[in-house]
Amino acid sequence: MNFDYTEEQNMLKDSVARFVQDQYDFEARCKVAALEEGYSADNWKTFAELGWLSIPFAEEHGGFGGNVVDTMLLMEELGKGLVLEPFLATVVLFGGLLSRGAADQQQYIGSVIEGSLQGAFAYAERQSRFNLNDVATQAIANGDGYRLNGEKIVVLNGAVADKLIVSARTSGSQLDSAGISLFLVDANAKGVARQGYRMMDGQKVANILLQDVEVTSADLVGELDQGLALMQSVISEATVAVGAEAVGIMDKLQATTVEYTKTREQFGVAIGSFQALQHRMVEMFMACEQTRSLLYRAACSQSADQAQADRDVLALKVMVGRAGKLVGDEAFQLHGGIGMTDELDVGHYVKRLMMINTLFGDADFSQQRFAELAG
Amino acid sequence: MDTTFSAEDLAFRDEVRAFLTEAYDDDLKARLADKATYKEAQIEWQRRVNAKGWAAPGWPAEYGGCSWSATQSFIYENERSAAGAPDMLPFGLKMVAPVIYTFGNDEQKQRFLPRILNSDDWWCQGYSEPGAGSDLASLKTRAEVDGDDYIVNGAKIWTSYAQYADWIFCLVRTDSSGKKQDGISFLLIDMKTPGIKVNPIIGIDNRHTLNEVEFNNVRVPKANLIGEQDKGWTYAKALLAHERTAIAGVAASKKELAEIREIAGRELSGGIALSSDPLFQKNLTDIEIELMALEYTELRVLAKAASGAHPGPESSLLKIKGTEIQQALQKLRLDVAGHYAGIQTEEAVGNEYADKARVDYMYGRAATVYGGSNEVQKNIIAKFVLGLK
């Protein structure tokens, strides 16, 4: 048993940390957030050149052949810089589904790795909340292919993606687990209408209307009617990835807050000398460490049996939601008035944590599923 | 990063299971549960474990430790707890022994360590005093030099199991001229020495675990001083981190959580198993998720310790979270007991798990106080981890 990183992993971690330190300070990040696309094409090119976009892909697809720990390291460091570039949407979600697709679809992995293709995974619907099985979008057989009709909401990177993977119902009723299929859809195909907008953490998302969009059976990702398992599997990986991002953010908030209380003086002394505040910061510290422990647990159990791995990922998601809220609230409280300002980075970190909570199922939803799996 | 068990680890797990099946038998279980036979049974249990060579896995190998990897320690603790077998009492093995083998002289090591391993001596801890709790260094029990002896006067309090003890390790004041942390010495005292009086304290659990120990002109040979006179605080501090790590009780809490879940599956509320009640599930999984995290926090600390580092301020985190989880579990067991929550009788009245609910809950209030209160632990983290002055 060990919790050490390999030499290669340490190099990766250092490389991402250096990028964040040198090229992604808060000012630079604000400039990126102001761009129409919601990310910087130059930075994306840098990611490609540094090989980061290849990390989770298998060597046979031209990837680095990395594992869950490699992605975890990268995401944690990106979290510390609140990096907006759509690694999660394009590489982890879209790329993760491509990897599970047919050879024809896997050929796009090369373009993802070289940074020339942006992707998005469109699964959430207005009525679905966090239930992946709740799919009202219809895919009706039409000759050799299918015709898609429906609406997807809050699609990460959906406004700028070149290609989408869309969940749609090919059989059964709206809430059935079986009968969901995934389709690779060109974002500019006839009948695709996108409404791009911002979330409070700066990321660019879209609602996507599908009206008589025609796809062929070659665009089917995975088996017909068996899409749910694929979605669950890739979202499980993505949950560990955002868990790592959250841990990076929480550590950053904790460290920033402790530093602030060492310099901020009231009543003639640094406010960090007050025991009432010290104990609150210890609670922040413990919340960070406990969340990191569940991150390691989830990362380590990805190779263990499925039921255990699912519970570990859900436990992580619950903790990210609850401990993340504690750390965010305390960061605000201990910063006092200045914490309320947009010009300080604290609020931006907290808003990203809040968005991570609702991503893929919030703490309450995840805890309910966790309890159900306990039997 | 890897926590999978190797083939050797799995073989070790099988060996532990086989040992527990044989050594922790029904007869011993019954005798441990009976107040009248508890002391002898606890001693016998430790002797069985010691015969296997596993009484003190954490000690250096030259004194009888096992040189287990972090994984092996983890496996042993989990298997032992899952089997319901009690832990060794910590006072000798985990508290005084590390001080003796780290700071004691050769004669003391030879004299005390083998007897601690085999539970030939029952030890208790003489730290807290009526006027010195969280502010332990303000202790006043005096030891004055008289020829080759010290003469000890004063009182210790909250001393668990002093009524059974053969020996007590004490912090005593040998100099009061300087800083309160200076001038404290670490003494080993034979409980049979004239002038020692043990006064029982009945706890809120209605049991006799705690005591006050009085010292009236108790003569202690200088040979029983550990290390140098006036340097005892340094030795005690080194020991406290071991104590805190031991208090976390992760494996025991896992066992308790599984038991509560099982009981809630049998308890009916409105004709439906309590375990399917959403509020119960929320309460249980709140604790379970914190516990799953703490298990890995402990593994991270163990893995660090296995690479040679001493338990540091992070052991305070284990103590705080571990005791919070224990108390939350005690509350949950009490809630599950319903009408039976307060039963205080050894007669069969229709519920076999609720007496434990009351006893554990009431005695369990001490967990956030002993071993350095959780607030003191937070002070330690604030100062030594976060660097707050």
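Predicted model: local features only at pLDDT ≥ 70, side-chain atom pairs only at ≥ 80, totals over all residues.

User: Which element holds B:Val16, and which residues is B:Val16 in contact with beyond its neighbours within four places in sequence?

Analyst: Helix α1 of chain B, residues 7-23, holds B:Val16. Once neighbours within four places in sequence are set aside, the contacts of B:Val16 are B:Ile75, B:Tyr76 and B:Glu79. There is also a pair to look at in space: B:Gln72 is 56 residues from B:Val16 in sequence, while their C-alpha atoms are 9.8 Å apart.

User: Now the chain as a whole. How many helices and strands does chain B have, and what does its radius of gyration tell me?

Analyst: Chain B has twelve helices and ten strands. For the radius, compare with what a compact globule would give: with 389 residues that is near 21 Å, and chain B has 22 Å, so the two agree. A box of roughly 75 × 50 × 50 Å along the principal axes holds the C-alpha atoms of chain B. In chain B, 40% of the 389 residues count as buried. Of the contacts in chain B between residues at least 6 apart in sequence, 70% join residues at least 24 apart.

User: What do the corresponding values look like for chain A?

Analyst: The secondary structure of chain A comes to twelve helices and ten strands. The globule rule gives 21 Å for 375 residues and chain A has a radius of gyration of 21 Å, so chain A is as compact as a globular protein of that length. The C-alpha trace of chain A spans about 80 × 50 × 40 Å along its principal axes. Buried residues make up 51% of the 375 in chain A.

User: How are the domains of chain A laid out?

Analyst: The assignment gives domain 1 (7-117), domain 2 (120-225) and domain 3 (229-373) of chain A. Take domains 1 and 2 of chain A: their C-alpha centres lie 23 Å apart. Here 17 residues of domain 1 of chain A are in contact with 16 residues of domain 2 of chain A. On the domain 1 side, α5 (87-99) and α6 (103-106) of chain A each give two or more residues, and the largest share, six residues, is from α5(A). That side divides into ten nonpolar, four polar and three charged residues.

User: And where do the two chains meet?

Analyst: The contact involves 29 residues of chain B and 30 residues of chain A. On the chain B side, α4 (70-82), α9 (278-306), α10 and α12 (374-384) each supply at least two residues. By class, the chain B side has 16 nonpolar, six polar and seven charged residues.

User: How do I describe a pair of packed helices?

Analyst: Two packed helices are described by the angle between their axes and the distance between the axes. Consider α9 (residues 275-300) of chain A and α10 (residues 314-337) of chain B: their axes come within 11 Å and cross at roughly 85°. Angles of 65 to 115 degrees count as roughly perpendicular, so α9(A) is roughly perpendicular to α10(B). A:Met286, A:Glu289 and A:Gln290 of α9(A) make the contact with B:Leu317, B:Ile320 and B:Lys321 of α10(B). Sorted by class, this contact has three nonpolar, one polar and two charged residues.

Conventions. Residues numbered from 1 in each chain as written. Chains lettered and ligands numbered in written order. Helix = DSSP H or I, 4+ residues; strand = E, 2+ residues; numbered from the N terminus. Contact = placed C-beta atoms within 7 Å. Rg over C-alpha atoms; globule rule 2.2 N^0.38 Å. Buried ≥ 20, exposed ≤ 12 C-beta atoms within 10 Å, placed from the backbone. Axes fitted to C-alpha atoms, helices over the stretch in contact; angles between N-to-C directions. Parallel < 35°, antiparallel > 145°, perpendicular 65-115°, else oblique. Nonpolar A, V, L, I, M, F, W, Y, C, P; charged D, E, K, R; others polar. Domains from an automatic or database assignment.
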